[in-house]
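Please read the following report on how side chains are packed inside one protein model, with the structure open beside you.

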Amino acid sequence: MPEQLTLYLHKLSPYSQKIELALVEANALYKAYQVDLGNKPEWFASMVNTVGKVPAVTYGGPDVDPEDPSPLSAKIAESNVILEFVADLYPDSGLLPKDPIQRANVRFFINATAKHVEEVFYAFLGLRGQAPYEKVLEGIEFIQGLLEEGRDFAVGDHYTIADACITPHLARLKIVIETDLGNYAVGMGYKLGEELKRPKFAKFMKYLERMLERPSLKQNHDEEFVITYFKTRFTERVQ
């Protein structure tokens, strides 16, 4: 039997979501435990992740209640570290290619996602500083340049952790351009969406559509839940 694997996550966390995507794509057996980030249990920081953040996983040791993790299990944190761990646990899943060049390309894409998508997109939303929508477009253009013509996935011909890494952010980008929810001037979300309809971004938008149609995303993405959170989070808007 496989070792026990428990994922500690939060429903709103894109970093948690990318781990779930990888696990589902690998057909992994795992337990998911939702951590209440507003009222974190004391045992989580002391027994799972000392910095108190999600996602985190426990692996191995006895199969126990997630609220009472065993000291015999390995504790692993940081989403991109966990992504590679999952790929290593399931080498036949294709989550990380066997070819060293393709593996390097996957890692480069993940780094590019952090720098050119995460940083500027969440700054545009007003969650991490401020950034104009033009910076979001520049980041998307960079990512689009990494996508090969005629390929369905970020790297090669198979779903990898590169796809898992970016997909949660794509799902939130879709919400922003369709609802205009964010801590920016009213209408800028819609404007970003209109820009992305230009032929210039066709390759990126087709990739986005493919990723959002994956059964693995549909299984763990509650769009209405995220929209509801955005509505409560972004109550003060610049007209």
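The structure holds eleven aromatic pairs, a pair being two rings of Phe, Tyr or Trp (its six-membered ring) whose centres lie within 6.5 Å. Ring pairs link Y8, Y33, W43 and F44 into a cluster. The model is a predicted one, in which local features need pLDDT of at least 70 and side-chain atom pairs count only at pLDDT 80 or more, while totals for chains, interfaces and linings use all residues. Residues are numbered from 1 along each chain as its sequence is written, and side-chain values use heavy atoms, with hydrogens and water left out.

Two nonpolar cores can be set side by side; such a core is a set of buried Ala, Val, Leu, Ile, Met, Phe, Trp, Tyr and Cys residues joined through side-chain atoms within 4.5 Å, where buried means under 20% relative accessible area and exposed over 50% (1.4 Å probe, protein chains only).

| Core | Residues in it | Among them |
|---|---|---|
| Largest | 65 residues | F109, L173, L192, L196 |
| Second, separate | eight residues | Y8, Y33, V35, W43 |

Helix α10 (residues 223-233) has the buried residues V226, I227 and F230. These residues lie on the same side of α10 because they cover an arc of only 100° around the axis, the arc being that of the directions from the helix axis to the C-beta atoms. They pack against α6 (161-179), whereas the face turned away from the buried side carries the exposed residues E224, K231 and T232.

Notes
Helices (H or I, at least four residues) and strands (E, at least two) are DSSP runs, numbered from the N terminus. Contact means heavy atoms within 4.5 Å. Rings of Phe, Tyr and Trp (its six-membered ring) pair if their centres lie within 6.5 Å; planes under 30 degrees apart count as stacked, over 60 as edge-to-face and the rest as tilted.
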